[in-house]
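Thanks, everyone. I'll keep this brief. Please have a look at the model on the screen.

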Amino acid sequence: MSWQTYVDEHLMCDIDGSGQHLTAAAIIGHDGSIWAQSSSFPQIKPQEVTDIMKDFDEPGHLAPTGLHIAGVKYMVIQGEPGAVIRGKKGSGGITIKKTGQALVFGVYEEPVTPGQCNMVVERLGDYLVDQGLKKKKTLPTSRERENKMSWQTYVDDHLLCEIEGNHLSSAAILGQDGSVWAQSSNFPQFKPEEITAIMNDFAEPGSLAPTGLYLGGTKYMVIQGEPGAVIRGKKGPGGVTIKKTNQALIIGIYDEPMTPGQCNMIVERLGDYLIDTGL
């Protein structure tokens, strides 16, 4: 599940079937980077996140000055030291829940009550704490923060780049659990069991040989690859190359006039780079 889905479906949800929703919500890294936010979330300033983090470390730090979000001041009310900060402004307010690596924000106005906002924000925060934010390792938004380049840029600029006048037909970067980190618009709609079979072949080289490699229901004949590292498939004048990194699968699909060697070079070059960077 992407961070944006957490915001859209868990923070901006219909609260208990009441027809009420938070005004705005966001999930922000401890360093102030935006992992996901509602379109209505205010443009928070780096110093404001710094002050919030300091209050979590030194509870009471914000009390004299108030809590500021995008220049709007909230009076700090009783929270949970080191875990939850709550603020009030007129008929509305804010709740901020700290997890291991993120801050979960919810902003509300009447008729939503402070208790409803607390419940929505803290429920998601507690869930993420319980999960240890494991999904962070497989979600593009968090990787954008770490790599300074989005996964979609890797697909668009590196996998779909021009090579001697040719391009891959389609390409994608997938998590090893089958989650889509980024893909070209024409990448086939693959099935979860196809990714499972691919991962099995990396773990047990040769397992795909009898049945063939399937992607989006299309069958490729498995040809010589690199056991545990690269799977290559052929179908008519085209084919596919799949490179396994520590956490992802880099997939490139080609057709003539692109050659198998050109596809291999593009896919494996990016895969080797990601491995070198610890991904």
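Which strand gives the most to the lining of the largest pocket? E4 does, with 5 residues. Strands here are DSSP runs (E, at least two residues), numbered from the N terminus.

Some ground rules. This is a predicted model: local features need pLDDT of at least 70, side-chain atom pairs count only at pLDDT 80 or more, and totals for chains, interfaces and linings use all residues. Residues are numbered from 1 along each chain as its sequence is written, and side-chain values use heavy atoms, with hydrogens and water left out.

Back to the pocket. On a 1 Å grid over the protein atoms alone, a pocket is an open set of points where a 1.4 Å probe fits, with protein on both sides within 12 Å along at least five of seven lines; lining residues have an atom within 4 Å of a point. The largest pocket has a volume of about 150 Å³, the space filled by probe spheres set on the points, which are joined across faces, edges and corners. It has 15 lining residues, and the closest to its centre are Asp-55, Gly-60, Val-76, Gly-79 and Val-84. Strand E4 (72-80) and strand E5 (84-89) each supply at least two lining residues.

Now Ile-242. It sits in strand E13, residues 238-244. Ile-242 is buried, at 0% relative accessible area (buried is under 20%, with a 1.4 Å probe and protein chains only). Beyond four places in sequence, its contacts (heavy atoms within 4.5 Å) include Phe-202, Leu-213 and Ile-250. Arg-123 lies 119 residues from Ile-242 in sequence and 39 Å from it in space, C-alpha to C-alpha.

Technical notes
Helices (H or I, at least four residues) and strands (E, at least two) are DSSP runs, numbered from the N terminus. Buried means under 20% relative accessible area, exposed over 50%, partly exposed in between (1.4 Å probe, protein chains only).
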